Amino acid sequence: MAESATPGDDQEIVLAMNLKTQQDNPESLKILIVEDCQHDYRFTVKIMADIPHYQFDIDWSRCADDAITAVESTNYDVCLLDYRIGADNGLEVLSRIAGGNADIPVIFITGMSNHDIDLRAMNAGAADFLVKGKFDADLLERSIRYTLRHCRAIREVRESRERYELAFAGARDGLWDWDLKTGRIHYSGRWKAMLGYNETEIGDEPGEWFDRIHPAEIHRVQAEVEAHCKGASPTLEFECRMRNKSGCFRWMANRGVAIRDAEGTAYRLAGSLTDISNQKHVETVLGDFNRRMSEKNRELESVIHTTSHDLRNPLVNIQGFSKELTYACRRIFELHQDETLTDDTQKELNTIVTTDIPEAVNFINSSVKRMDALLNGLLELSRIGRATIKVETVDMNRMLARIKRSMETQIQSCNADVKLQSLPPCSADAALIERVFANILDNALRFLDLDRPGFITVAGAARDDSNQVTYSIIDNGIGIAAHQRDRIFEIFHRAGDEGGEGLGLSISRKLINMHGGSIRVESSEGEGSTFFISLPAPAPGEDDVTTRSNTDFVPAEMALMSQ
């Protein structure tokens, strides 16, 4: 066991240490001296008594086992270790101290000046090497002071690295630290584990990293690293595939920064490694899906566009023949005035000419108009699918007020009360979204219950659980029958006998979907309906509202899309 450091029969040493404590208010240090020779021990303690600025609390161990026990049980600031401790070798004790859990700097003391022992002590972890009889109080004080400073610096660096690695371990990132002067790279345990290796399976050579990069990307990576070291970029960022222990390639994101000297020369490069294989997989799947959907949309829009134009030609023929038929009917009417015709024949001919044929012609013309309107609707859908969205922050209060003013005549004719509450802005194409709200309001007015006063309320609020805003258009109209609610957004579907082509809500839904929003309806037949429209909210910090001048404004009634 370690003994008290101050022998009771050496009163001069005790007096010197007590006097130093009273006069200098020195820094207190806990010291362990491992020495089997009492004479050498007393000599060392006497020298320490002459060292100013420090108050030493000294323990003494005479053998290796006692020294190891003392180190494991007590927090020492410095250990002074003799080369020979009885039959034990001080280098072995030093290795046991350095390899244990204790964090204590060791100053190696020997009775002979031997360069080989000096190097072996340094490699084993000694902080300094002193020769007995060749050091005094000044030299020992300087050795202790430098040892403490060096040890504290190493401890701070280690703790800083541990904190850094712990933080990145939580983020599941690996760390690398490249000493460009020595060419050595420290790879963290997490860095190695990300590639399937343990701590001892990867060294500190750059080849451990670059030899695992995919051959198709290695030259690009080397060029980016070299360019960053030369100062071409403020940070180093690149993605590449790296081969793991099983031979498979994983996508990795590398981020780092060079540390430079006063002349701007990089001498160290440090950063992190992130496994982005899952992200790349998702991007690939989504990319393939988006490409397929884009192709399908292009095919559908092409079919609609082509069909619309191809069907227009027979419509022109129908219109032409209808005119010919009308002319023929006129000629028949002229000819049947011939007096040689019998009364019954003339009566029948009159019926055909004045009733049957005009009725057929009217049907042809109305069908032509109907088909032409449907084709125009298909063309409209096709044009919307190819439209470019100009996203801006839209002042919905001004937009709805403008729509309301444009519908004032229709509102008065319905004896309706339209109220606009305070509405949050959204991020959208103002012109396209104006068409949507104009259409919904027009439908609300057309389907009011004329047997009671009508009211329509437009409200809106930002959603706390997402980056969207939701608007509601509430009316007390006739409502929508249950069997109709799931179909009202279908193309060419019409509710009731109010006319129109059945395209308004289809186009509205497509316009909203193009913005990444949604539209739905809740309705009770005979009580009214509520349409909910969700649109992206403006990004944080975008407080300025973009509005259109009156010269750019197209009146809402010109943009109405009848249901």
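**Figure 1. Ser472 in strand β18.** Ser472 counts as buried because its relative accessibility is 12%, where buried means under 20% relative accessible area, exposed over 50% and partly exposed in between (1.4 Å probe, protein chains only). Its place is in strand β18, residues 468-475. Strands (E, at least two residues) and helices (H or I, at least four) are DSSP runs, numbered from the N terminus. Leaving out residues up to four places away in sequence, Ser472 touches Thr457, Val458, Ala459, Thr530, Phe531 and Phe532; a contact means heavy atoms within 4.5 Å. The model is predicted: local features need pLDDT of at least 70 and side-chain atom pairs count only at pLDDT 80 or more, while totals for chains, interfaces and linings use all residues. Residues are numbered from 1 along each chain as its sequence is written, and side-chain values use heavy atoms, with hydrogens and water left out.

**Figure 2. The crossing of helices α12 and α14.** Two packed helices are described by the angle between their axes and the distance between the axes. The axes of α12 (residues 396-406) and α14 (residues 430-446) come within 10 Å and cross at roughly 50 degrees. Axes are lines fitted to C-alpha atoms, for helices over the stretch in contact, and angles run from 0 to 180 degrees between N-to-C directions. The angle makes α12 oblique to α14; angles under 35 degrees count as roughly parallel, over 145 as roughly antiparallel, 65 to 115 as roughly perpendicular and the rest as oblique. The crossing of α12 past α14 is right-handed, a term used if the near helix is turned clockwise from the far one by less than a right angle, with left-handed for anticlockwise. On the α12 side, Met396, Met399, Leu400, Arg402 and Ile403 make the contact. On the α14 side are Ala430, Ile433, Glu434, Phe437, Ala438 and Leu441. By class, this contact has 9 nonpolar, no polar and 2 charged residues. Ala, Val, Leu, Ile, Met, Phe, Trp, Tyr, Cys and Pro count as nonpolar, Asp, Glu, Lys and Arg as charged, and the others, Gly among them, as polar.

**Figure 3. Ile433 and its contacts.** Ile433 lies in helix α14 and counts as buried, with 0% relative accessibility. Not counting residues up to four places away in sequence, Ile433 touches Met396, Met399, Ala428, His515 and Leu535. Ile433 and His515 are 82 residues apart in sequence, and their C-alpha atoms are 9.2 Å apart in space.

**Figure 4. Helix α16 and the residue Gly516.** Within α16 (residues 504-514), Gly504, Leu505, Ser506, Ile507, Ser508, Leu511 and Ile512 are buried. Just after α16, Gly516 has a positive phi of about 80 degrees.

Figure 5. His53 is not a glycine, yet its phi is positive, near 75 degrees. This residue sits in the loop between α2 (38-49) and β3 (54-61), and His53 counts as exposed because its relative accessibility is 53%. Asn415, also not a glycine, has a positive phi of about 55 degrees. Asn415 is in the loop between α13 (408-413) and β15 (416-420). At 59% relative accessibility, Asn415 counts as exposed.
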